[in-house]
Amino acid sequence: MGSSFKFYRSLVLRRLPAMAALFVLFTIAGFATALRLPPTYEAAARLIVETPQIPDELAASTVQISATEEIEFIRQRLFTRTNLLEIQRRFQVLESTDDLSPDEVVEEVRSRADIRSFQGGAGGRRGETRPTLVTVSFKSRSGDIAARVVNEFVTRIINENVSLRTDAAEDTLDFFKQEVDRLSEELAKRSKAISDFQRDNADALPDDLPYRQGRLALLQERIAAAGRERTALVEQKSRIQTAFERTGGVNPNQQRRLTPQEQQLVSLRAQLQQALTVYSETNPNVVSLKNQIANVEAQVEAMGSQPVETTNTAELMLELQMSEIDSRISSLDAEISLNEGIVDELADGVSRTPNVSVTLDELRRDYENVRLQFDTASQSLARANMGERIELTSRGQRITLIEPATVPDSPSSPNRPMVAAAGTGVGIAMALGLFIILEFLNKSIRRPVEMVNALGVTPIATIPYLESNRQRFTRRAFKILLVFGTIIAILGGLFAIDTYYLPLELIVQKILKATGF
């Protein structure tokens, strides 16, 4: 164990110059980089998403979007290519953009900005919603530029919040206005369709079915009664005709002939009957016949029942009675014909009532569905009007500024001690790496134990290699040249990278950003 320690100590001492050179090189590079890195200033502002000032149970806004979703939406709109290029143009965030493409400018500006939201405040009562806080930060080569960019972002966030919510409320209102107008026109069409259908099928509407059925039954009964009466009149006419043929009179039980006054009375009455078919009751001829009839009636009553022979009285009476019966039969026929026409119409309407009822129910059901949609849309329109009013007066959820961005007094990065320490750490790692690599690549036998392990023979004695002064000088000179050559190669490579590819400070910044420093 002691010999191994001495052996490795001697190796370390032998390779110490090269290891020290690497250590010093990277330590110096770390300190130089820490000193060369440009300062970065970070400014930040704080905002809060206020809850609606009017309780939802009283009047709710129609813009139902959570604070997190709204912040993310605004963030995406702020970080668009156009906005970021405008920020660069106005505030000159990047000192020089000649060697950068527009996409690289956009990515660089975007990487310097940060918008975050979180639930702030300590937990209150159970179920109480904590407010949403928003932090807006930006990093720049100048504290003034960083503060101005952050305040510009804050202004745009507040404006975007107002625009987003008012536009959404107005769009909602416009939609429900169009929907109410459309449903109103649809209701008018459906109402007109129902009115037209009811007008076209007025004789078959289901609401009037009991009335039509009752009237139909009544008319059918009237037709039946008129038919029975007509049959009776026909039979009566036949009996009178038969009686006249058998007895010579209109009444089979007649035993005497009419007196001249009675014949005159019968004649006057026949004339009066004919006159009434032509003239009115107030006509002079009618009035004269009535007076004559009254006088003759008075004479007949005064004379009593004295028999007088006549030849045409019975025939006249038969003709008068037949005329009355025929007139009544004609009247009944006209009544039956009229009622039968009405009965046919009523029967047709009653038969069509079921189909009309089904169609009318469908029309009314469609109308009712549209009316329910119209009522719902009207209620939604009222809520949309209220929601728009809430948003226009800034009574809904809104983003307000708590603390604006101020110009920082000192840079936030880089952490120069950390960069210098990182350079020192890399130097130590490179020195150790060099020692390990050289030890791993050296396969020569340098100790007796290695000879035993390699040859399997235990030597009696070992004689170390004795080099001459010339060989020792050559070996040391080669090592020195190798170390200096390595240092020069490393320095040359770093110079070439800094000159032709990307400045070393930017590379270090990217490395620090990637590693979280």
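Asp 203 is partly exposed, with a relative accessible area of 34%; on this scale buried means under 20% relative accessible area, exposed means over 50%, and partly exposed is what lies in between, taken with a 1.4 Å probe and protein chains only. The model is a predicted one, in which local features need pLDDT of at least 70 and side-chain atom pairs count only at pLDDT 80 or more, while totals for chains, interfaces and linings use all residues. Residues are numbered from 1 along each chain as its sequence is written, and side-chain values use heavy atoms, with hydrogens and water left out.

The side chain of Asp 203 meets that of Arg 352 in a salt bridge, at 2.8 Å from N to O. A salt bridge here is a side-chain nitrogen of Lys or Arg within 4 Å of a carboxyl oxygen of Asp or Glu. Arg 352 belongs to helix H9 (residues 313-392), whereas Asp 203 sits in the loop between helix H5 (143-200) and helix H6 (209-247), so that the pair links distant parts of the chain, 149 residues apart. Helices (H or I, at least four residues) and strands (E, at least two) are DSSP runs, numbered from the N terminus. Arg 352 counts as partly exposed, at 24% relative accessibility.

The structure holds 24 salt bridges. One of them joins Glu 368 to Arg 371, with the closest N and O atoms 2.3 Å apart. Both residues lie in helix H9, 3 residues apart, which is about one turn of the helix. An α-helix has 3.6 residues a turn, so residues three or four places apart point the same way. Glu 368 is partly exposed at a relative accessible area of 31%, and Arg 371 is partly exposed at 28%. Another salt bridge brings together the side chains of Glu 221 and Arg 228, at 3.5 Å from N to O; Glu 221 counts as partly exposed, with 46% relative accessibility.

Helix H3 (residues 81-91) has a buried side. Its buried residues include Asn 83, Leu 84, Ile 87, Gln 88 and Phe 91. They are on the same side of H3 because they cover an arc of only 140° around the axis, the arc being that of the directions from the helix axis to the C-beta atoms. The cover over the buried residues of H3 includes helix H2, helix H4 (102-112) and H5; contact means heavy atoms within 4.5 Å. On the face of H3 turned away from the buried side are the exposed residues Thr 82 and Arg 89.

After H3 comes Gln 92, in the loop between H3 and H4. Phi of Gln 92 is near 50°, a positive value in a residue other than glycine. Most residues other than glycine have a negative phi, and most peptide bonds are trans. Gln 92 is partly exposed, with a relative accessible area of 40%.

The strands form an open sheet of 4 with the order S2-S3-S1-S4 and antiparallel pairing. Two strands pair if DSSP finds at least two bridges between them. Strand S2 (113-119) and strand S4 (398-403) are the edge strands, each pairing on one side only. Neighbouring strands of this sheet are turned by 25° against each other on average, direction ignored; axes are lines fitted to C-alpha atoms, for helices over the stretch in contact, and angles run from 0 to 180 degrees between N-to-C directions. Strand S1 (residues 41-50) and S4 run antiparallel and are joined by 5 bridges. In S4, Thr 400 is the bridge partner of Ile 48. Helix H2 (residues 67-78) lies across S1, S2, strand S3 (132-140) and S4, and runs at about 175° to S2.

Elsewhere in the chain, Gln 299 lies in helix H8 (residues 284-303) and is partly exposed, with a relative accessible area of 39%. The C-alpha atoms of Gln 299 and Leu 265 are separated by 9.8 Å, the two residues being 34 apart along the chain.

For the chain as a whole, the secondary structure comes to 13 helices and 4 strands. Buried residues make up 30% of the 517 residues. Of the contacts with a separation of 6 or more, 80% are between residues 24 or more positions apart. The chain exposes about 33200 Å², of which carbon and sulfur atoms supply 56%; accessible areas come from the Shrake-Rupley method with a 1.4 Å probe, and for residues only the protein chains shown count as cover.
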